[in-house]
Amino acid sequence: MNLETVPLTHYLFLSATLFVIGVAGVLVKRNAIVVFMSIEIMLNAVNISLIAFDRYLNLHDGQIFSFMVMCVAAAEVSVGLAIIISLFRNKPTTNLDDFNIMKS
Amino acid sequence: MELLIFYPLAGICILFALGVVINNSPINSAISLIGMMLCLAGVFILQQAHFIAVLQIIIYAGAIMVLFMFVIMLLNLKGKGEDDKWQSRDNNLLLNVLSGLLAAGILYKLISIINEAKFNSPALTSENFGTVREVGTILFTEFVLPFEVASILLLVAMIGAVVLAKSKVD
């Protein structure tokens, strides 16, 4: 390993920044699909930290865990988009503010 | 070398992620997200996680983004008169400012935590760290049960997606 490697903290900074961008997206956007994309950003940000720690500790467990995160993300997206489609069938919009049928 | 690649890649990655949040039309957000996924695959390769990098491209940039694009286009075709509804109602300035402040607070806290943590020098990685062979060996010996559970999860998700998208809402 050469000396000019990126320190672990910089990977964690990248991870934190992406995670916060995802959080901001979930809070600010009102389009259900874009909210889903922001959740994907957050999951990816977590994957970066997992893999950074993985290499730092010379283990493979983090890679296995990020593989599981990817599985969960795929499952979440497929079910979530199916829910969005069935909501859209009910009411032709994807704006989250228009879906308040659960509110009494 | 790693420094030379990492910082531009991280910068582009953050720009694409911001593009997802800032863009008003979902299709532009989706394209930004694809860019972000590809940059992240580069970051994973830098960290010697080749297997995860390939999976990132196949699963995220391939499957998940195709699904996103498919749904966006499907809904856009149906909702011809709903064009104005596609514009997110992000005009609530107070909400945006509060969300931005909250996000900035979380970022500040995270960065201060990372700065305070004392990390030792990293362990030396072996030559074939993160190759498909290494990861696959561990995946099919030590983590074989979670792997099988993940396959059941994906099966359940697939059935659930079919049922949800197929059912007629009365």
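This is a predicted model: local features need pLDDT of at least 70, side-chain atom pairs count only at pLDDT 80 or more; totals for chains, interfaces and linings use all residues.
User: What ipTM does the predictor give the complex?
Analyst: Two scores describe the complex as a whole. The pTM is 0.87. The ipTM is 0.88.

User: Which elements does chain A have, and in what order do they run?
Analyst: Chain A holds three helices and zero strands. From the N terminus on, the order is α-α-α.

User: Why is chain A described as more spread out than a compact globule?
Analyst: The C-alpha trace of chain A spans about 60 × 25 × 20 Å along its principal axes. For 104 residues, the globule rule gives 13 Å. Chain A is well over that, so it is more spread out than a compact globule, with a radius of gyration of 18 Å.

User: Which element gives the most to the side of chain A that touches chain B?
Analyst: In this pairing, 65 residues of chain A are in contact with 74 residues of chain B. The elements of chain A that give two or more residues are α1 (8-28), α2 (32-57) and α3 (61-90). With 22 residues, the one that gives the most is α3(A).

User: How many charged residues are on the side of chain A that touches chain B?
Analyst: Sort that side by class. It has 40 nonpolar and 17 polar residues. The charged residues number eight.

User: Is helix α5 of chain B buried or largely in the open?
Analyst: Helix α5(B) covers residues 93-116 and has 24 residues. From its first C-alpha to its last it reaches 34 Å, close to the 34 Å expected. The number of its residues that are buried is one, so α5(B) lies largely in the open.

User: How far apart do the C-alpha centres of the two domains of chain B lie?
Analyst: Chain B is divided into domain 1 (1-80) and domain 2 (131-170). Their C-alpha centres lie apart by 22 Å.

User: Where in chain B is confidence lowest?
Analyst: Chain B averages a pLDDT of 83, and 86% of the residues score at least 70. Helix α7 (residues 144-166) of chain B is highest, at 92. Over residues 77-88 of chain B the pLDDT is below 50. Confidence is lowest, at a mean of 46, in helix α4 (residues 83-86) of chain B.

Notes: Residues are numbered from 1 along each chain as its sequence is written. Chains are lettered from A and ligands numbered from 1 in the order in which they are written. Two residues are in contact if their C-beta atoms, placed from the backbone, lie within 7 Å. Helices (H or I, at least four residues) and strands (E, at least two) are DSSP runs, numbered from the N terminus. Ala, Val, Leu, Ile, Met, Phe, Trp, Tyr, Cys and Pro count as nonpolar, Asp, Glu, Lys and Arg as charged, and the others, Gly among them, as polar. The radius of gyration is taken over C-alpha atoms; the globule rule is 2.2 Å times the number of residues to the power 0.38. The expected span of a helix is 1.5 Å times one less than its number of residues. A residue is buried if 20 or more other C-beta atoms lie within 10 Å of its own, exposed if 12 or fewer, and partly exposed in between; C-beta atoms are placed from the backbone. Domain bounds come from an automatic or database domain assignment. pLDDT is the predictor's confidence in each residue, from 0 to 100.
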